Amino acid sequence: MPDLYLQNCRVFSRFTTPLSEDDLKAVRIACSLRRADRFTTLAAAAVKAPAGQAFPATLPPSTGLITVSAFGPHKTVFATLDDILDYPEDMILPVRFSHSVHNAAAAYLGTILAITGPTFAVTGFEAPLFAALELAQTLLHAAACPKLLLIGVEERGSLTQAAPALAPERFPTEPEEIVCAMLLSTEATAGSRRVIHERHPGTGTGTGTSQPAAAACTLGLSEAAIRQLAESDNTADLRLSPEHAADL
Amino acid sequence: MMSTTHNLAGVIGKGMISTLGNTVAETRGALYQPVPRLPELPRRVATTLSLPVFEVADLAPDTGIPGGFSLQLLRHALREALDDAKLAGGDLAGKRVGVCMGTTVACQLNDIPFYATLRSGALPPARPLNNYIAGNPAEWIRRELGLNGPALTISNACSSGADAIGIGLLWIRQGLCDLVIAGGTDELNRVPLVGFNALGVCAPGPCRPFDADRAGLNLGEAAGVVILAPADAAAGDRAVCAVAGYGNSADAFHITQPDPEGHGLERAIRLSLDSAGMIQPGDIDFINAHGTGTPANDRVEAIVFHRLFGAAARFLSTKALTGHTLGAAGAIECILTLLMLEESTVPASMRFERLAADMPCGPLRSPCRLPAAQWALSTSLAFGGANSALVMRRR
C-alpha cells in the first residue's frame, strides 16, 4: 500500500477547538442547511466552520468522501421514533426519516463541496476511524480519486448520555462529541504529514498487537491522538493506534 | 476490450436468503419461475399500514445472536457461503481474511420500546444497546470467525451491499486480503416501512419496475454473502464467475432524488467498465438494474442505459421478485447476476408490460437465452445520490 499523507486537518472537540451552537448556526446559514439535522451540520462544520485551522475552500470535483461515526445521526433516528410513538404511522415526517440514515451527511457534504467522487458512510464500534482510514488508503491506491476527505462525527444525545449507565464497561464516561476533517492523499506535499495507522486487531490472532485501551471517543481516538491531530504546524509522522473501550 | 485475470476476484462461495428462497439453490430455481410470488402484508412487523412487502417467512427467530433479524439473515447466508466455498473455521486461520458488509437497519438503534423508556426519563434495559453495538455486521463476522483482517461496515443506504462487494474486489486486487467475505443484510423493520411510506415511494400493490404504471416499491428483506479470492490463486482460479469491476460516484444533487439526467450513475458505470479492464459498453451482455419501481429511479436508469448501451440495451429488474431489500439489495443482485451468468439465461423483468412515454427503452419482456454471455453489470442507486456499479464476468 502506498503511504497516506494528511494534507489538512481540523478537529473540533473539548480537547482542541470546541464548536459552539453559534458556530453551528453560522455553518447552517452559510451552507443553506435549513432542513439538515445537527449531525449533518456538525459534519459540514468540520470543513466550513469559521473557527479552527484554514481548510481549502474548494476541492477537486473527483475528491472522494468518507463519513465515519459509531452512533451516527441517532438523535434524528429517535426523532423519527418520536413521530411513530406520538402520531399515526401515516403522519411521519418524511424529512426526519430521510435524514436519519448514516449517509445523509455525506450526501449534504457532497452537494456543499460540489464533489462527486466515491462516497461512503462507514459505521462501527471497534475504532471505526481506523477502518475508514484503511478504506481511504484503498480508494486512493485504486486511483478512484486524487484526494479524499474523511469526516469523523460523533454527536451527543440522549443515547450517548445514557451509555455509561447502560454499558459502563464499554463506556466508562459519556462518549465525546467530536468532529474531524482529514484531507488525505498519497502524495507528500509541503506541510503534509505521513499517517501511519494500525488496524483494530479484532479478536483474531497473529497481529502482535494487544487489545486497545479505553478511548476518549467512539471513533477510536485517545485524547492524546485527538490533540496530535490538531497540531497544524507539526509535519512529523502521525502515528495513530486504535483505542476503544473494553470488548463486549 | 482489454481485461486481465489478475484483476478479477473469483467468487468461490455464495450464500443468499430472500423471499426467492433460503438458499442459492432454491433461489436459482425460483429466479426462472414464470409466475413469481406476490408480496403480502407484513406478518412479523407490527404496522397499521396496508403495504405489501416481501417478508422471509421460513427462518425461525433465533435469540442466541446479537443484533436483530438482520444478523440472523446474515448468519444464514454466511454459513451457506462458507459451506459453498468449502471453508471450515480452521481453514481461515492464518489467512488474511477481510470482511466488508452493507446494511441500513442494523446500524440504527431503532428499538421503539427501548426509546420509549429512555424518553420517559427512566433507564431502559441495556440489552438493546449492547445488541446494537455487538450486531455491527462486519465486526460481528470478524469476532464470530476470529479474523484479524479489515472489517468494514458500509451504510450507503440502498447501494451498501454493492459497495461492500466492490471494496472487497479492491482489497483482493491490492493484495490486502487472501479472502474477502462481502455482502449485505437488511431486515424488514417498522421504521423504514413507515419512513418509505412517508416519502410517498411505496406501491399500494405489487411493484412494477420500469412499467408505465409503476407506482413505487415494495420493501423486502434479505442477506447475500460472497466469498472472494484472487483469480490467480488456486481457489479463485476454479471459480466459474468473478467480480471484475467496480465504480462509485455521487450525484451531489439532492438528499433523496436522483440527478434526473443520471450523470452520477453514468460515471459509476463508466468507472466500473474501466475497472474491469477498460471494457466497452458493447461488451456488456446484460444489466441487472436497480429498478425499484419508483418513477424517478426507473426513468433515470432507462435514460442512462439508453445513452450508454443504446436502444437495444438488455436489462431487467429483480425487485418484483425480492422487493427492495435496502442494504442487502446490491449484494443479492450481484448473486442473482452471477446465477444468470452461470445459467446463460436472463429472466424476464417481471410485471413490466408497457413502456412509459418518458422512458427511452424498456427491460426484457421475456426470458433471454445468452449462451455466450460473459459480462454483466449490476447497478445500485441510493438515498443521497450514491451510485454504484459492479461488473461480473463468467470465465
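1. Let me start with the contact between the chains: in this predicted model, 60 residues of chain A are in contact with 60 residues of chain B (in contact means C-beta atoms, placed from the backbone, within 7 Å). The elements giving two or more residues to chain A's side are α3 (74-86), α4 (94-99), α5 (104-113), β3, α6 (128-141) and α7 (158-166); helices (H or I, at least four residues) and strands (E, at least two) are DSSP runs numbered from the N terminus. The most comes from α3(A), with 7 residues. By type, this side of chain A divides into 32 nonpolar, 23 polar and 5 charged residues (Ala, Val, Leu, Ile, Met, Phe, Trp, Tyr, Cys and Pro are nonpolar, Asp, Glu, Lys and Arg charged, and the others, Gly among them, polar).

2. A strand pairing also joins the chains. β3(A) and strand β3 (residues 151-154) of chain B pair in the antiparallel sense over 2 bridges, where pairing requires at least two DSSP bridges. Within β3(B), B:Thr153 is the bridge partner of A:Thr123.

3. Do have a look at A:Ala121, which sits in strand β3 (residues 119-123) of chain A. A:Ala121 is buried because 31 other C-beta atoms lie within 10 Å (buried means 20 or more such atoms, exposed 12 or fewer, partly exposed in between, with C-beta atoms placed from the backbone). Leaving aside residues up to four places away in sequence, A:Ala121 touches A:Thr67, A:His102, A:Asn103 and A:Ala106, together with B:Ile154, B:Ser155 and B:Asn156.

4. On the nonpolar core (buried Ala, Val, Leu, Ile, Met, Phe, Trp, Tyr and Cys residues joined through C-beta atoms within 7 Å): the largest has 220 residues, and A:Ala44, A:Ala136, A:Leu150, B:Ile227 and B:Leu228 touch the most other members. The contacts of A:Ala136, not counting residues up to four places away in sequence, are A:Leu4, A:Ile66, A:Leu148, A:Leu150 and A:Leu184.

5. Chain B has 12 helices and 12 strands. Its radius of gyration is 20 Å, close to the 21 Å from the globule rule for 395 residues, so chain B is as compact as a globular protein of that length (C-alpha atoms are used, and the rule is 2.2 Å times the number of residues to the power 0.38). Of the 395 residues of chain B, 64% count as buried.

6. On confidence, the model scores ipTM 0.96 and pTM 0.96.

7. A word on conventions: residues are numbered from 1 along each chain as its sequence is written, while chains are lettered from A and ligands numbered from 1 in the order in which they are written. Local features need pLDDT of at least 70 and side-chain atom pairs count only at pLDDT 80 or more, whereas totals for chains, interfaces and linings use all residues.

Conventions:
Two residues are in contact if their C-beta atoms, placed from the backbone, lie within 7 Å.
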